[in-house]
Amino acid sequence: MATERYNPRDAEPRWQQKWNEENVFLTDNADPREKYYVLEMFPYPSGRIHMGHVRNYAMGDVVARYKRARGYNVLHPMGWDAFGMPAENAARDNKVHPKEWTYKNIASMKAQLRAMGLSLDWSREFATCDVDYYHRQQMLFIDMMEKGLVYRKKSKVNWDPVDNTVLANEQVIDGRGWRSGALVEQRELTQWFFKITEFSQELLDALDTLDHWPEKVRLMQKNWIGRSEGLTIRWEIVPETSPNAEREITVYTTRPDTLFGASFLAISADHPLAKEAAAANPAIDAFCEECRRAGTSLAALETAEKKGIDTGIRVRHPLDPSWELPVYIANFVLMDYGTGAIFGCPSGDQRDLDFARKYHLPVVPVVMPKDGDAASFTIGDVAYDGIGIMINSRFLDGMDTEEAFEAVATRLAAKNLGNVPQAERKVNFRLRDWGISRQRYWGCPIPVIHCEDCGVLPVPKQDLPVKLPDDVTFDQPGNPLDRHPTWRHVSCPLCGKDARRETDTMDTFVDSSWYYTRFTAPWEHEPTDKLAADRWLPVDQYIGGIEHAILHLLYSRFFTRAMRETGHVEAKEPFKGLFTQGMVVHETYSRGHGLTREWVSPADIRIEEIDGQRRATLLSTGEEIAIGAIEKMSKSKKNVVDPDDIIASYGADTARFFVLSDSPPDRDVIWSEAGVEGAYRFTQRMWRLVSEAADALRTVAATPAKEGEALAISQVAHRTLKAVQGDYDKLAFNKAVARIYEFVNALAAPLAKVAAGATDSGYRSAVREAVEILIALVAPITPHLAEECSAALGNTHLIAMSAWPSYDQALVIENEIVYPVQINGKKRAELTIARDADQNTVQEAVLALDAVGSALNGQAPKKIIVVPQRIVNIVV
RNA sequence: GCGGACGUGGCGAAACUGGUAGACGCAAGGGACUUAAAAUCCCUCACCUUCGGGUAUACGGGUUCGACCCCCGUCGUCCGCACCA
């Protein structure tokens, strides 16, 4: 029977509508089956989805559909990370309100996502800019305030002079704002902070429990938290050198063992003592100013010269009061790590060494490698920062570094300086508290009120939400909320007097730190329905880009803990499984060179292969176009392929199938027109093979063959089923695709035979069963095609609601094994033998092979290794 | 600088726990069908070869009956952090 080509433009909307009508993807919290929560990182509503989204959501959808078929109660929601600066930029540039801009974008992106045929529960959809959502976020903020997890402090902040806002340390990349690219300045502002450092140790320790996370991400978080063990040591200031009667300087060190190698102390330009010294000495003041400027503007800190200035202050060595050392202000000492002061041991630290050479300070080697010679060991231009044996260190000499660490720690702890132990063991973290204040309009208002008499007060919960005013202007830089004529004026909830509303809004990372919890009960008046949250969390499989490996994931882990302390959830961790998918990349095309180089869109060119050379020409003029590197799709390089265009010309199934094929999902996938064509060919081929045989298959039941010619078909089907199932479990989509190709190739001839009418009903039953399995296997990836094929077979049930088939172990097992036969590790022959043949039988059979006989050439084998069901190796 | 990952045909890749290297797809070449084209179907496709076989998983060693896989060293690519005391 000749059938029409498969037309996704007709079939896909039809099946999407059917799924909607049947409410297939609505999730019931009360459903008693085992839960499975799969979530893809929700998108920012920029206006259009891109191929990265397609890949991300295709992966999540395969998991959701597969788990649903496996009988889980699946939660697969979608929403919008909708606050943020692009909306304000659009407002400024295009005179459109951020709200209008955002909701318009959401509408068009939602239509695009719907066209992909994703199995999402849209009834739980929300945007973080919905008043309903940020209302609950404000409730959470107040709860966290009560638990002491939120606080205000005056702090030096990274100020982005282009976006006019504060940036988190994490949002400063190479000294520039992550969005604007502007050089970041330092300013002192009173800011709101989340106390993420309260959980430093816990966030670090719990990484070990996240065994379904990529090792790489765990390591990145570990380094980011940055735990170190050391000592704080108090150094006595020689009184007559103290600028303002200060008595001591506290330094932090992880290498107290090198204490006898000390030749100076260095403090940060922002250290209180530095400020004292600067007040008394213009040269020092000038130096401190220079440090501050350089610290903010130099991207290439690596190459920055180590510089310092002698403060004139002198300190006594903790282990030898007669030994006085100079105190410098140095540009490489940071105020916000440790104590803002260090002791310099030039022989054991490269920076200290560079510094000492420059200012002619002593360099005394105190640690030498284990096999070194104490008499001849010297330090040249390279410091020795490894472990080893102590030298030139008085009572430490001969100890290893670890023993010396302990000896110094113990001795100084027992020694008092002004009734306080001179040193204390101290664990330090690199992690800083999370500054969340943003001087922007389009974010969640921080729900507090400043009263001159009563101080800083949370907005009473019954007065929530603090809604963003709609009548704002974007024609000037700065925060529109500050300029609003009335919004900031409120009365104090305690005393009733005139008070001022907080005009800062929250960092948008706050919005995305708990949205996965809100999805579990988005209708709830409280931030969570605790029963629902505890039922669904943690997210079983979270999928998104590696770019969120640190910030978003760490903040979410913090929020889970904060919400636990405030009684909103029980979960210990937000995401049980994490998968970081690769990007969609594409070749670049350009004409011209240097400054006149112009990028060309793939849609405007044609690619041919002539004599093995790929060449690109401009469609309109035939001009030759240079083929460039494969890069992440970006508008500036014009190597973008619009998902809409692909869905319009090939259908969603083809797009989904292609982004999941070829490359492993955690690696980049190269988008190519030829590749898409290949994926499209597959959908057509599957449809043609199935539909042509459909008439003949419709009349028989699906039954696997137990014997005869059709047995092989059933065996392939069940073996493929088992394998693909394993691939889906491991998110190995590319391997699943490869096996599906193989399966279709294997079914091509039987289906053709069936279509030609040359088969008996037992054979047809076996083929039908195999086709039903094929449909189930492709359904998570190409769900519309699966429904269409199933309907062609006369089935009336929806594949989207059908159970996963189970394989028959008897059909999976191979009864005969083909052993490769090696002689001295090289394959020389093959042996086909019954699966259950014992070792001796196999050995005898192998030795009886002609090829083995001639290879042995009369010699007796030294050894025969038989690995059951795998291989035979004869050692001669 | 510190930390990590990776390196397999023309290309994307596969290869279980150390057991036949290159499945599957793309590209290419040849053929069939067709007036022709598209579509489809079939065949070939790591390298060398005296057709016996030999050589191949970045390179050099090692362990092993057997190594893409484990160990040591070298080179290269990519990623994260980066003056963190």
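At roughly what angle do the axes of helix H2 and helix H18 cross? Select residues 51–69 for H2 and residues 652–660 for H18: their axes come within 9 Å and cross at roughly 95 degrees. Axes here are lines fitted to C-alpha atoms, for helices over the stretch in contact, with angles running from 0 to 180 degrees between N-to-C directions. That makes H2 roughly perpendicular to H18 (angles under 35 degrees count as roughly parallel, over 145 as roughly antiparallel, 65 to 115 as roughly perpendicular and the rest as oblique).

Before going on, note that this is a predicted model, where local features need pLDDT of at least 70, side-chain atom pairs count only at pLDDT 80 or more, and totals for chains, interfaces and linings use all residues. Residues are numbered from 1 along each chain as its sequence is written, chains are lettered from A and ligands numbered from 1 in the order in which they are written, and side-chain values use heavy atoms, with hydrogens and water left out. Helices (H or I, at least four residues) and strands (E, at least two) are DSSP runs numbered from the N terminus.

Now show side chains where the two helices meet. Arg656, Val659 and Leu660 of H18 are in contact with H2 residues including Val54, Met59 and Arg65 (contact means heavy atoms within 4.5 Å).

Next, select RNA strand B. Of the 52 residues around it, Thr254, Phe332, Arg351, Arg685 and Lys735 come nearest (a residue is near if one of its heavy atoms lies within 4 Å). Sugar and phosphate make up 62% of the RNA strand B atoms that come within 4 Å of the protein. Colour helix H21 (733–756), which gives the most to this surface, with 6 residues.

- Leucine 334: a polar backbone atom is 2.7 Å from a base nitrogen of RNA strand B.
- Serine 663: an N or O atom of the side chain is 2.8 Å from a sugar or linking oxygen of RNA strand B.
- Asparagine 873: a polar side-chain atom lies 2.7 Å from a base oxygen of RNA strand B.

Finally, pick out the open sheet of 4 strands, ordered E35-E34-E37-E36 with mixed pairing. E35 and E36 stand at the edges with a single partner strand each, so one side of each has no neighbour in the sheet. In the parallel sense, E34 and E37 pair over 3 bridges (two strands pair if DSSP finds at least two bridges between them). Isoleucine 823 stands opposite isoleucine 874 in E37.

Technical notes
A polar contact is a pair of N or O atoms within 3.5 Å; within protein, one must be able to donate a hydrogen and the other to accept it, and residues adjacent in sequence count only if both atoms are side-chain atoms.
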